[in-house]
Amino acid sequence: MSTSTVATALFTQGRRIAVTSGNPNQAMRVLTRMLNNNNWRRTVKDSLYFEKPTDMRKRLHRERSERIFKDQVSQRVALAKKMIDMGY
């Protein structure tokens, strides 16, 4: 795939990130953003050392609780915005 065939560096196919206009910095930013969104660095760091099963259960429970709380807050904020738009 040549660099001139892809319009932007945001185009991804599988694990490839296209470099556009000979600008590898943009492709690196896209790759870094993708890895950060997937918690890749934390996963690699966590896999370096053994995690006790009880600690793993606690961590997974904590992460699940944080995710649920975040979703509930987002729903409440969306509801509040909707109510404000309706004039309440």
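Student: What percentage of the 88 residues of the protein chain count as buried?

Tutor: Keep in mind that this is a predicted model. In the protein chain, 9% of the 88 residues count as buried. To get that label, a residue needs a relative accessible area under 20%.

Student: How do you know what share of the contacts with a separation of 6 or more comes from residues 24 or more positions apart?

Tutor: You look for heavy atoms within 4.5 Å. Among the contacts with a separation of 6 or more, residues 24 or more positions apart account for 0%.

Student: How does the reach of helix α3 compare with the expected span?

Tutor: Helix α3 covers residues 53-86, which makes 34 residues. The expected span is 1.5 Å times one less than the number of residues. Just after α3, Gly-87 has a positive phi of about 100 degrees.

Student: What makes Met-83 buried, partly exposed or exposed?

Tutor: Met-83, which sits in helix α3, has a relative accessible area of 37%. Buried is under 20% and exposed is over 50%, so at 37% Met-83 is partly exposed.

Student: Which residues form the nonpolar patch on the surface?

Tutor: Leu-79, Met-83, Met-86 and Tyr-88, together with about 490 Å² of accessible area.

Note on methods
Residues numbered from 1 in each chain as written. Predicted model: local features only at pLDDT ≥ 70, side-chain atom pairs only at ≥ 80, totals over all residues. Heavy atoms only, no water. Helix = DSSP H or I, 4+ residues; strand = E, 2+ residues; numbered from the N terminus. Buried < 20%, exposed > 50% of the residue type's maximum accessible area, 1.4 Å probe, protein only. Patch = residues over 30% accessible without salt bridge, like charges linked within 9 Å, V, L, I, M, F, W, Y side chains within 5 Å. Areas by Shrake-Rupley, 256 points an atom, 1.4 Å probe, with all protein chains shown as cover. Salt bridge = Lys/Arg side-chain N within 4 Å of Asp/Glu carboxyl O.
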